[in-house]
Amino acid sequence: MKKTLLLSIFASVILSGCFGGQQKEETWTSLIYPDKANEKRSKKHGVYKTLEQCQVESKKELEKLSLSTRGTYQCGLNCEYHEGMKLDICEKLSK
């Protein structure tokens with residue numbers, strides 16, 4: 001009985017180390033679109049730790065470029081560049 005209990009505890013500790021713990025840090029990428037009607041053309045502005053930071057900096061960049069009325073932005077969660085598609089793929093997009 002003790003042997004089975006010890007083996008179960010040992011197995012639980014090993015498995016939790018393999019499958020748990022390490023969570024991916026969230027990053028938000030600012031994507032600026034100079035023309036609201038054409039979201040195929042975008043400019044990567046920066047990468048931020050929070051959605052709120054991304055939103056604030058994206059709005060500032062649109063104002064700086066005088067695109068507040070013509071352009072728009074999106075913030076992408078954990079974006080990675082896909083070489084074959086030649087664009088950033090994000091887990092989620094938010095405005």
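Buried here means under 20% relative accessible area, exposed means over 50%, and partly exposed is in between (1.4 Å probe, protein chains only). You're looking at a predicted model, where local features need pLDDT of at least 70, side-chain atom pairs count only at pLDDT 80 or more, and totals for chains, interfaces and linings use all residues. Numbering runs from 1 along each chain as its sequence is written, and side-chain values use heavy atoms, with hydrogens and water left out.

Start with S94. It sits in strand 6 (residues 92-94); strands are DSSP runs of E, at least two residues, and helices are runs of H or I, at least four, numbered from the N terminus. S94 counts as buried because its relative accessible area is 18%. Now show its contacts (heavy atoms within 4.5 Å): leaving aside neighbours within four places in sequence, pick W28, L51, Q74 and C75.

Next, select the largest nonpolar core: W28, I32, Y48, L51, C54, L62, L67, Y73, C75 and L77, ten residues. Such a core is a set of buried Ala, Val, Leu, Ile, Met, Phe, Trp, Tyr and Cys residues joined through side-chain atoms within 4.5 Å. Strand 1, helix 2 (51-64) and strand 3 (72-77) each give two or more residues to this core. Click on L67 while you're there: not counting residues up to four places away in sequence, L67 touches P34 and L62.

Last stop, the pocket lining. Strand 1 (28-33), strand 2 (43-48) and strand 5 (87-89) each supply at least two residues to the lining of the largest pocket.
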